[in-house]
Amino acid sequence: MRSRFLFILSAATGLLCTTSMFAQKAERKNVREGNKLYESEKYTESEIAYRKSLEVNPRSVEGTYNLGNALYRQDKLPEAARQYQQAIGQAEKMMETPEGRSRLASVYHNMGNIFMRGQDYVQSVEAYKQSLRLNPSDDETRYNLALAQKLLSDQQSQDQSQDQQNEDQKENQEQNQDQQQQQQPQDQEQNQTQQQPQSNEQMSKDNAQQILDAFLQDEKDTQEKVKKAQQQHSQRRRVEKEW
């Protein structure tokens, strides 16, 4: 019974090894095919081949890295960045060989280019630095780093200038609001001052008219009294004369 169990276990192990060998062959075949297409600048076809290699082995460093490059060549930058991030996730394995270190340096270089095109100069500078740590002799990466640093400096200066303009504009608006608030009471007081003389002037005219009317009425009453008294006196004289 034990011998039979060992035989079954050995058969299963052999089947797994055989399956793994076939998977590795399929992976390498698809990668090689993708490389040929990539070198012929047939980037769409190479992408398909690399994806097939990853279907066989999703942890394939070479398939992941090469797929990222094929996507990058097609300007599929977000997808390329995802593949590069997966490759960076296997950095420890890639650092084991000089070829792996060179690939990892290329991954950071291309990530720097993607960040550069997205105007994310902070991330771009950091990616180029990582690439140069792995491959200090790469002049292209060194040039791109200097360019990214210059663009980052210009961007920061522009942001500071814009912030200052916004601050000045805000301060001017606050000053204008304060002036308007101070002007409103003055305008109201001036309006009241202008209205007050008119009111007083109108009252003075009314009072003068009333006084004049009263004076004229008194004069009329006086004249009537004088006239009446004269009439009475005249009548009295006539009576006395006739008497």
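Let's start with Glu27, which sits in helix α1, spanning residues 2-39. Keep in mind that this is a predicted model. Glu27 is buried, yet no salt bridge goes with it. The nearest side chain of opposite charge belongs to Arg28, and that is 6.3 Å away. A salt bridge would need a side-chain nitrogen of Lys or Arg within 4 Å of a carboxyl oxygen of Asp or Glu. So what does Glu27 touch, leaving aside its neighbours within four places in sequence? Its contacts there are Ser53, Val56, Asn57 and Ser60.

Next up is Asn69, which belongs to helix α3 (residues 61-73). Asn69 counts as buried because its relative accessibility is 10%, and the cut-off for buried is under 20%. Setting aside neighbours within four places in sequence, Asn69 is in contact with Tyr38, Tyr84 and Asn110.

Now for the surface. Asp159, Asp163, Glu167, Asp168, Glu171, Glu174 and Asp178 form a negative patch there. One of them, Glu171, is found in helix α8, which covers residues 139-242. With a relative accessible area of 39%, Glu171 is partly exposed.

Here are two of these residues side by side:

| Residue | Relative accessible area | Class |
|---|---|---|
| Asn69 | 10% | buried |
| Glu171 | 39% | partly exposed |

Of its 243 residues, 25% count as buried. The accessible surface comes to about 18,500 Å², and 48% of that belongs to carbon and sulfur atoms. Among contacts with a separation of 6 or more, 46% come from residues 24 or more positions apart.

Notes:
Residues are numbered from 1 along each chain as its sequence is written. This is a predicted model: local features need pLDDT of at least 70, side-chain atom pairs count only at pLDDT 80 or more; totals for chains, interfaces and linings use all residues. Side-chain values use heavy atoms; hydrogens and water are left out. Patches are made of residues with over 30% relative accessible area and no salt bridge: like charges are joined within 9 Å, nonpolar side chains (Val, Leu, Ile, Met, Phe, Trp, Tyr) within 5 Å. Accessible areas come from the Shrake-Rupley method with a 1.4 Å probe; for residues, only the protein chains shown count as cover. Lys and Arg count as positive and Asp and Glu as negative; His and the chain ends are not counted. The place of a charge is taken as NZ of Lys, CZ of Arg, CG of Asp or CD of Glu. Helices (H or I, at least four residues) and strands (E, at least two) are DSSP runs, numbered from the N terminus. Buried means under 20% relative accessible area, exposed over 50%, partly exposed in between (1.4 Å probe, protein chains only). Contact means heavy atoms within 4.5 Å.
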